[in-house]
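Subject: Structure for you, with notes

Hello,

Here is the structure I promised. Please open it first, then read the notes below.

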Amino acid sequence: MIQNHIDWPSFLARHDMTWSVKPISWDEGAFIGNGMIGAMVYSEEHRDKRNVLRFVLGRTDVTARKPGGGYPPRVPVGELHLELVGWLYQPLSIRVDLWNAELCAEITTTVGTVKVRAFVHSVDMTLAVELETSEEEAGAQMQWYAFSEVDGVLKNADGKNLNQYIPQAEVTRHTLEDMTVGLQQFSPQGGCTTIWKEERNAKEPNRRILYLTIANGSEESVQEQACAVIRKAASQSWETWVESHRSWWHDYYQQSFVSIPDTMLEGFYWIQMYKLASATRADGMIIDNQGPWLAPTPWAGVWFNMNVQMSYSPVYTSNRLHIGESLVRAFRENFDHLPGNLPEAYRADSSGLPRSCSYDLINPVGTEIGNLTWICHNLWRQYRYSMDAKLLEELLYPLLKRSVQYYLHLLEEGDDGKLHLPPTVSPEYGSFLQMTVPDTHYDLALLQWGCETLLQSSEILGLQEEEAAIRSRWSETLERLVPLPVDETGFMIGRDQPLEFGHRHFSHLMALFPLHLISGDNENERELIVRTLRHWFSMEGDLRGFTFTSAASTAAALGEGEEAHSYLKSFMHLIKPNTMYKEAGPVMESPLAAAEAIQDMLLQSWGDTIRVFPAIPSEWAEAVFHDLRTEGAFLVSAVRSAGATSWIRIKSLAGQPCRIQTGMIGDIGISGGEAAQLRQLANGVCELGLEQGQEVILYAKIDNVTSAPGAEQLANNEQWKIEPVPADSHLCGYFGSRKPWRLYGLPIKS
């Protein structure tokens, strides 16, 4: 029914990250990864190291036990250095080819030239680096260094975080067959193994390929498994092996499509899609604060008072639910660990999640108690966008039930007859004061959402009679729960605690976003939300990246496209040239959450209604998306042209009820799905009866079909095209190295 006119290689090429001068820090580095192993590639300006191109290596699951106890943090694993004969010089060209997930570089040195191609294979746990050198650079070498062996000049270039635990490591090397094995044994416990081999061909003396893998652990069995990985990779035809890597990525990108007239934001969005699959996979680890690109940080663990939840936020609408499976898998595998995070008196029927921990999810819960319920909201989205009944029954319902039960234990009846919560932490507010507040907005909103969702879930699962007693308790809690605290400035942090100073977190706006407990559909709600936003941003003391992304999504929920766009444009000034983000250390969540905010401008589905182009700024006269996913498991495609919605395609994957706000004016036509029933309501809202697998196209009927571009074709159902919006050429390839002059349209070489 739809004609797909997307030339994917050309489209993504316009957003490749590019460098014309060498990157010299993590902030500017070219990153590659396969969801477990990664490398951040950059150089150094110190005269003793100007001949080095660094591949700072990482493997997500490598952790180490600290002698003093506590959860085992992630630790650095080392670097691969391309040590050139001459100094890296200008001009230099580095490009991260998004379509093929490869780094390609043409390096000029003071004596010759080197071509580099590098990627982490999408299926095999192997980093490959292919070199072609001029005769003058034939002596270039690739050398591996354990982290403890990396020259201090390079370590100092990245900075040092005194709060980061770095274990003592005993480093040994030995050969095994034609491979080199580098072992690091941490003290007192843990370790990792790096194995590599270099292949040359006598017919191509200036070309070589290095295969490298990293494994968690240093035992002999781990070494044997890692050697098998290298043997498998090196035994295949190079061309065939490269093609298998590329094929995975080509399939991944085509799961959905987005194109908007803001070329910089469009490029940013697609780099986040690349970053997602580089950071984790369905069988990978939870996306922690840094993905596989560990750098000096005070946060070498997994954080649950915002970071994980926001990192996964773009997977749902982007139709990349397989990425979300890594979060699902972590909670399936560690379900039994979560009761032990609470005091013993509550463990029989309750579970909790701490602010931070390692991948086993073990660490005591203190006075910040809502994190597990918030994670359940992510799992609920995974369910609603897939309609996977097994996920709801086996994991989400029992986990949310135990999470809410902990809240129920803590509720106390007040003098007003309402149910109240004791002092708890509203994440990030007054952190240095260790501030706790009764009846925090954060916890009240999560408790309300949890009880409502449990009641809905028990009905879906047919447990009304079996769970009658606890359902009664959830209903009573909703009836008697104290209202969210409000004052003249809007929503408060908690009871008797207004927002008095800068607050980077949106923990006092959870009812607005992401929980959508209030919609802003009536005038009083809307005024309250706007008042809260205005007061929040008047406190400039501590606004950070995720402040702007959450504000953008909140504004988008109100239909305020201009405001959402402004927040995102402001956020663009806070990210690093390679689209990474850093505060006291690098963190993943803010750029990924910005990708969700872009989605929220194009398509929303919270509540019971799908909203198409709900928050488009006036300058976006054109926009297109294809196969974005919504709650109820619908795939939606839509085209906006000349400032209006041209047509919408809806495909039902689960046969759920469909209510859609089209944004179209006047009568709406329907094409395809002859059996589908269309009921047109007010304000461009339609109800559709779609069976599983059925799809239809909606379009605006126009009396004079020649009065709008393409109207005749649409009315006659002749052509439904998906093709990219034209790009501003000077903003293509914007990310990679810093290029602020491109914002002003200065002439550049195309």
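What share of the contacts in the protein chain with a separation of 6 or more comes from residues 24 or more positions apart? The figure is 66%. Keep in mind that this is a predicted model.

Overall build

The protein chain has 16 helices and 35 strands. Its radius of gyration is 27 Å, close to the 27 Å that the globule rule gives for 750 residues, so the chain is as compact as a globular protein of that length. Along the principal axes, the C-alpha atoms fill a box of roughly 75 × 70 × 45 Å. Of the 750 residues, 61% are buried.

The surface comes next. The chain carries 62 positive and 94 negative charges.

Start with strand β3, residues 30-33. Both of its faces are covered. Ala30 and Ile32 are buried on one side, Phe31 and Gly33 on the other. β3 runs antiparallel to strand β4, residues 37-42, and four bridges join the two. One of the pairs is Ala30 with Val41 in β4. Three residues separate the strands of this hairpin. In the turn, Gly35 has a positive phi of about 95°.

Now go to β33, residues 685-689, which pairs with β30, residues 658-661. The sense is antiparallel, over four bridges. Gln661 has Val685 of β33 as its bridge partner.

β33 is also joined to β32, residues 677-680. Again there are four bridges, and the strands run antiparallel. Here Leu678 is bridged to Leu688 in β33. β32 and β33 form a hairpin with four residues between them. Asn683 sits in that turn, with a positive phi of about 60°.

Cis peptide bonds

Two sites to look up. Gln90 and Pro91 are joined by a cis peptide bond, with omega about 0°. Pro91 belongs to strand β7, residues 88-97. Phe513 and Pro514 are also joined by a cis peptide bond, with omega about 10°. Pro514 is in a loop, between β22 (490-491) and α12 (523-538).

Where is Asp439 placed? Asp439 lies in the loop between β20 (419-420) and α10 (441-460). Asp439 is not a glycine, yet its phi is positive, about 50°. Is Asp439 buried or exposed? Its relative accessibility is 1%, so Asp439 counts as buried; the cut-off for buried is under 20%.

Ala633 is another case, with a positive phi of about 60° although it is not a glycine. This residue is in the loop between β27 (623-630) and β28 (634-641). Ala633 has a relative accessible area of 1% and is buried.

Those are my notes on this one.

Best wishes

Terms used. Residues are numbered from 1 along each chain as its sequence is written. This is a predicted model: local features need pLDDT of at least 70, side-chain atom pairs count only at pLDDT 80 or more; totals for chains, interfaces and linings use all residues. Side-chain values use heavy atoms; hydrogens and water are left out. Two strands pair if DSSP finds at least two bridges between them. The radius of gyration is taken over C-alpha atoms; the globule rule is 2.2 Å times the number of residues to the power 0.38. Buried means under 20% relative accessible area, exposed over 50%, partly exposed in between (1.4 Å probe, protein chains only). Contact means heavy atoms within 4.5 Å. Lys and Arg count as positive and Asp and Glu as negative; His and the chain ends are not counted. The place of a charge is taken as NZ of Lys, CZ of Arg, CG of Asp or CD of Glu.
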